[in-house]
Amino acid sequence: MESDWVEKANNQLTGALEQFKNTISLEGWKTSHKKGMKVFKLHKENLDCAKSEMEFDCSAEVAFNKLSDPSLRERWTSNVRQVQVKQEIENMKILYILLKHTWGVSNREMLIAQKTQRSEEGTYYIIEKSLKDEEFYQNDTKNVKAEMNLSGFEIKPSGEGKCKVVYLVDYNPRGKMPGFCKRKTQSSIAKQLLTLSKTICS
């Protein structure tokens, strides 16, 4: 199963960076939270996204290195129970992520393709999408197979020792879940940026 993951990941991520840039630039984002950072929601056609924006008190390189480090991901939030690097090649990783949900709601698991890139202007990008792998999704466990339609970071230098970080999340938890949980999931993930800034810049 794992032998063809890299090829599948390349196919899955083709055009994902442009899709990410286009999505964060769309009109219609509505502010839902401003304390310490800006959080936005977007409901448009087949999109149901959240994004957050915040300035970090560290360089873009430092923020990028830590945000792209899977070993730190379990510190992002208490919901991230497990992260495993299944494969890694150059600027691409295949990640298994197990998410813990509230009592009464099944845990979610995802197989994620992650790709990183740095522009000539010094802006860093971390782009993620669920890896379409039939064997993984047919694997019978107690966990629900969630889907990351698109997720990513734009990390742009904003002055000496500072950077602006934009975090986008288009996440489908799938399976049975109370409506209020589904509505909160996107924005709660986006709000992790405040926790991330404290972890990274401390």
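Biologist: How many positive and negative side chains does the protein have, and how far apart do the centres of the two sets lie?

Modeller: This is a predicted model. In it, 33 side chains are positive and 27 are negative. The centres of these two sets lie 10 Å apart.

Biologist: Which secondary structure elements does the protein have, and how many?

Modeller: There are six helices and ten strands. As for contacts between residues at least 6 apart in sequence, 57% join residues at least 24 apart.

Biologist: What share of the residues counts as buried?

Modeller: Buried means under 20% relative accessible area. By that cut-off, 50% of the 202 residues are buried. The protein exposes about 10900 Å², with carbon and sulfur atoms supplying 45% of that area.

Biologist: Which residues have the most contacts inside the largest nonpolar core?

Modeller: They are Phe56, Leu67, Phe153, Ile155 and Leu193, in a core of 34 residues. Strand β10, residues 162-172, contributes five residues, the largest share. A second, separate core has 24 residues, among them Cys49, Ile94, Leu111 and Val166.

Biologist: What is Leu193 in contact with, leaving aside neighbours within four places in sequence?

Modeller: Leu193 is in contact with Met37, Ser52, Glu53, Met54, Phe56, Phe153, Val165 and Tyr167.

Note on methods. Residues are numbered from 1 along each chain as its sequence is written. This is a predicted model: local features need pLDDT of at least 70, side-chain atom pairs count only at pLDDT 80 or more; totals for chains, interfaces and linings use all residues. Side-chain values use heavy atoms; hydrogens and water are left out. A nonpolar core is a set of buried Ala, Val, Leu, Ile, Met, Phe, Trp, Tyr and Cys residues joined through side-chain atoms within 4.5 Å. Buried means under 20% relative accessible area, exposed over 50%, partly exposed in between (1.4 Å probe, protein chains only). Helices (H or I, at least four residues) and strands (E, at least two) are DSSP runs, numbered from the N terminus. Contact means heavy atoms within 4.5 Å. Accessible areas come from the Shrake-Rupley method with a 1.4 Å probe; for residues, only the protein chains shown count as cover. Lys and Arg count as positive and Asp and Glu as negative; His and the chain ends are not counted. The place of a charge is taken as NZ of Lys, CZ of Arg, CG of Asp or CD of Glu.
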